[in-house]
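Below is a short report on selected helices, strands and annotated positions. Please keep the sequence and the 3D view open while reading.

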Amino acid sequence: MQADFVLLPGDGIGPEIVFQAKRVLTTVAAAFGHEFRMTEHLMGGCAIDACGNPLPDETLEACRRSHAVLLGAVGGPKWDDPRAKTRPEAGLLRIRRELGLFANLRPTKTWDELLDASPLRREIVQGTDILFVRELTGGIYFGDSGRRPHASGEEAWNVMTYSTGEIERVVRLAAQAARGRRGRLTMVDKANVLEASRLWRQVSESVVKNEFPDLQYNVVLVDAMAMHLISKPRDFDVVVTENLFGDILTDEASMLPGSLGLAPSASIGSGGPGLFEPIHGSAPDIAGQNVANPLATILAAAMMLRYSLQLEQEAQAIEAAVNKVLAAGGRTRDICGGGEYLSTTEMGDRVVQALA
Ligand code: NAI
Ligand code: MG
């Protein structure tokens, strides 16, 4: 098949890690007889430097025309001045909104070879394999907000609003993902207190009952979920939740494997191009040194093939190659535990060799 991908290397280590992912995609295309056309565009701090806009129109148009977008990371101290008119992160928020990316998917899995990196005991985390589905374009981050004078100074508010349609589409997407995995779906809310959560519970129960009766479905309150995640993470398969809870829980979960350099994420929506990226940032402290771990970005490229092109075999081939490299002892500096390590380029070489 033919596919057009936009690559947005961004700032810091972004160009180094995206370059390795590009090599991997080229190798997969050759191995499976596809043609992947990849074009690079500016986004983030580099785009602010070039034209004063973190998401230039030209970049956004290229993304709209593409099958999917692979992003490195954006931001860095150079653009951190709080007085600056525009910040790199503004580009991220805008691209998600413009592409209608209402679901953020974050797989959280531990690697047997790297269990010592986890802050939790081996017997608790070993075998953890969760897919978080976080609602991304609604809720308290996008609701009514403001400030007004108050007898004690000021008061401020943010409102959590959700509609039936917003809940349905993300629950449906999560339920579909559960069907392709171990068939279990957990919905996290705070329905004992919040009215918006009560709507979530009502809508998600009806979606599951009517359309996905084959799934094992349960609900967990968000505060309990925060505990379960570190006491029995293996109990979960797909977890779906609203924006704010998902923001917090996915960061908590990202610590389970013990390394930022291995965790990919996908933001997808209703059929258009999705956005795929590592969960880590631009790591300015190690940029330009050829020591960054490219595996999270390579695994994000695998998610891109899975969710934007339905190329499941190709996605699994990339994941198997990464497994093979790790099992053979290949480590970048962030996961070497003080031992010998590979450069960014050498890690890319190993994955390409494992695929070939
Ligand atoms: P960070 O994730 O960039 O770095 C945190 C620590 O992890 C650093 O010590 C870094 O060296 C290390 N690290 C991160 N990725 C790594 C990799 N692939 N290989 C090896 N080590 C890695 O988070 P930080 O330092 O808070 O943010 C740096 C910049 O990135 C900021 O400007 C921030 O706004 C931006 N950022 C951008 C994101 C995005 O583009 N989606 C997400 C998070 C932060
Ligand atoms: Mg966060």
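**Helix α4**

The model is predicted. Helix α4 runs over residues 88-98. Its buried residues are P88, G91, L92 and I95. They cover an arc of only 100 degrees around the axis, which puts them on the same side of α4.

What do the buried residues of α4 pack against? Their partners are α2 (45-51), α3 (57-65) and β12 (274-278). After α4 comes G100, with a positive phi near 65 degrees.

**Annotated positions**

An unreviewed UniProt entry carries the annotation "binding site" for R96, R106, R134 and D223. These positions span 128 residues in sequence, and the farthest two C-alpha atoms are 27.7 Å apart, so they do not all gather at one spot.

R134 sits in strand β5 (residues 129-135). Is R134 buried or exposed? The cut-off for buried is 20 or more other C-beta atoms within 10 Å. R134 has 27 C-beta neighbours inside 10 Å, so R134 counts as buried. Leaving aside residues up to four places away in sequence, R134 touches N104, T241, N243, G246, D247 and T250.

D223 belongs to helix α8 (residues 222-231). The cut-off for exposed is 12 or fewer. D223 has 12 other C-beta atoms within 10 Å and is therefore exposed.

Strand β10 covers residues 238-241. V238 and V240 point one way from β10, while V239 and T241 point the other way. All four are buried. In a regular strand the side chains alternate between the two faces of the sheet. T241 is also among the residues that R134 touches.

Which strands pair with β10? Both β5 and β8 (residues 184-189) do. The table gives the sense of each pairing and its bridges.

| Strand pair | Sense | Bridges |
|---|---|---|
| β5 and β10 | parallel | four bridges |
| β8 and β10 | parallel | four bridges |

F132 has V239 as its bridge partner in β10. For L185, the bridge partner in β10 is V238.

Notes
Residues are numbered from 1 along each chain as its sequence is written. Chains are lettered from A and ligands numbered from 1 in the order in which they are written. This is a predicted model: local features need pLDDT of at least 70, side-chain atom pairs count only at pLDDT 80 or more; totals for chains, interfaces and linings use all residues. Helices (H or I, at least four residues) and strands (E, at least two) are DSSP runs, numbered from the N terminus. The arc is that of the directions from the helix axis to the C-beta atoms. Two residues are in contact if their C-beta atoms, placed from the backbone, lie within 7 Å. UniProt positions are given in the numbering used here, feature names are shortened, and annotations may be inferred rather than shown by experiment. Two strands pair if DSSP finds at least two bridges between them.
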